Amino acid sequence: MRKPIRYTMYSLGGLAMIIGGLVTYVNVALPNVGPAPELTVDLTPAKVERGRYLAWNVMMCMDCHSERDWTLFAAPPIPGTAGVGGDVFDESVGFPGVFISRNLTPANLKDWSDGEIYRAITMGVKKDGEPIFPMMPWTNYGKMDDEDIHAVIAYLRTLDPVEAEHPAGHADFPMNLIMRTLPEKNSPQKRPNPLTDHLDYGKYMLNAAACGDCHTQFDKGEFTGPFLGGGREFEFPDGSVLRSPNLTAHETGLGNWSKEVFIARFKAYADSSFVPHSVGPGEFQTMMPWLMYAHMTEQDLGAIYDYMRTLPAVDNAVVKFTAAK
């Protein structure tokens, strides 16, 4: 009996060495997307304005990297907090760890090169080589036109510098290892012409806005449902559950919505007379930053709508909100 026991011990020891080697490799060698590119972005007025539009109204950089007032409908950003970060995503809202948005103002990014910011936005790797949790949709941003990414960098350089230190977050096991394997080199694409390549432009803008991230079912780190079919769950700290609507052309989604109705739904929140109402515990609240998307141009909203109409219609009637019991 001693030989089988000895062989078993050898086998277990060998397996432990292999596992230890793999863990060491992941921790030491990954992520590996290469060095940050040599890059200097010109801060022209046109580039800064384009970056402001993308950061606030399309890519939603300021959605996570500003302080939002969750006592009001759609949690509008608190004035004066643009880019300061501090938003917490933790176990109470379904995340595998604690992730805290960083300060994007020049007070924190002054020591970052433009190339390092570019790599973070498009490849998910920080200045120190550590990975960024894909709550930030860098996989989407990595498919965007370099000129658009440069514009966002230019805008960030013009923010008021605000000294704001936030605690370091952490990922739970095994996500702490998994997220090191996720960053990848970007594959930038030219922004299509909205007049001559309307549908391709709509696809480009939908990707930039990362609509699919919230409007596709998601479980345990990966998408599990049809693209834009809705039903992804977001749990609020009080236990209430929000589910994203179906955006496809099925009657359970946007099948009965005209382009005009779709655009008007967004623009209603851009009206100067709109004032977000107070939301108490257990009352309907949304993750959707309506007040930010509301200022996307009608051309961009219309192009997104037209592209979505070309996608497969998904039969999925979604119960949007369940209040905590």
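The crossing of helix 5 and helix 7 is right-handed. A crossing has this hand if the near helix is turned clockwise from the far one by less than a right angle, and is left-handed if the turn is anticlockwise. The model is a predicted one: local features need pLDDT of at least 70, side-chain atom pairs count only at pLDDT 80 or more, and totals for chains, interfaces and linings use all residues. Residues are numbered from 1 along each chain as its sequence is written, and side-chain values use heavy atoms, with hydrogens and water left out.

Two packed helices are described by the angle between their axes and the distance between the axes. Helix 5 spans residues 114-123 and helix 7 spans residues 146-158. Helices (H or I, at least four residues) and strands (E, at least two) are DSSP runs, numbered from the N terminus. The two pack at an angle of about 120°, and their axes are 10 Å apart. Helix 5 is therefore oblique to helix 7. Axes are lines fitted to C-alpha atoms, for helices over the stretch in contact, and angles run from 0 to 180 degrees between N-to-C directions. Angles under 35 degrees count as roughly parallel, over 145 as roughly antiparallel, 65 to 115 as roughly perpendicular and the rest as oblique.

In the contact (heavy atoms within 4.5 Å), helix 5 supplies D114, I117, Y118, I121 and T122. Helix 7 supplies D146, I149, H150, V152, I153, L156 and R157. The contact residues comprise 7 nonpolar, 2 polar and 3 charged. Ala, Val, Leu, Ile, Met, Phe, Trp, Tyr, Cys and Pro count as nonpolar, Asp, Glu, Lys and Arg as charged, and the others, Gly among them, as polar.

Helix 7 also packs with helix 2. Their axes come within 7 Å and cross at roughly 95°. That angle makes helix 2 roughly perpendicular to helix 7. Residues of helix 2 in this contact include R50, L54 and W56, and those of helix 7 include H150, V152 and Y155. By class, there are 8 nonpolar, 3 polar and 5 charged residues.

Helix 9 (residues 198-209) and helix 13 (residues 298-308) form a further pair, with axes that come within 7 Å and cross at roughly 100°. Helix 9 is thus roughly perpendicular to helix 13. Among the contact residues are Y201 and M205 of helix 9, with I304 and Y307 of helix 13. This contact divides into 8 nonpolar, 4 polar and 3 charged residues.

The structure holds 1 cavity of 30 Å³ or more. On a 1 Å grid over the protein atoms alone, a cavity is a set of points where a 1.4 Å probe fits but cannot get out, and a pocket is an open set with protein on both sides within 12 Å along at least five of seven lines; lining residues have an atom within 4 Å of a point. The largest cavity contains about 30 Å³ of space. Its lining has 8 nonpolar, no polar and 1 charged residues, with R68 and W290 among them.

The second largest pocket has a volume of about 150 Å³. Its lining includes W56, Y269 and H295. Helix 2 (45-58) and helix 12 (290-293) each give two or more residues to it.

The peptide bond from F173 to P174 is cis, with omega near 5°.

Conventions. Points joined across faces, edges and corners; volume = space filled by probe spheres on them.
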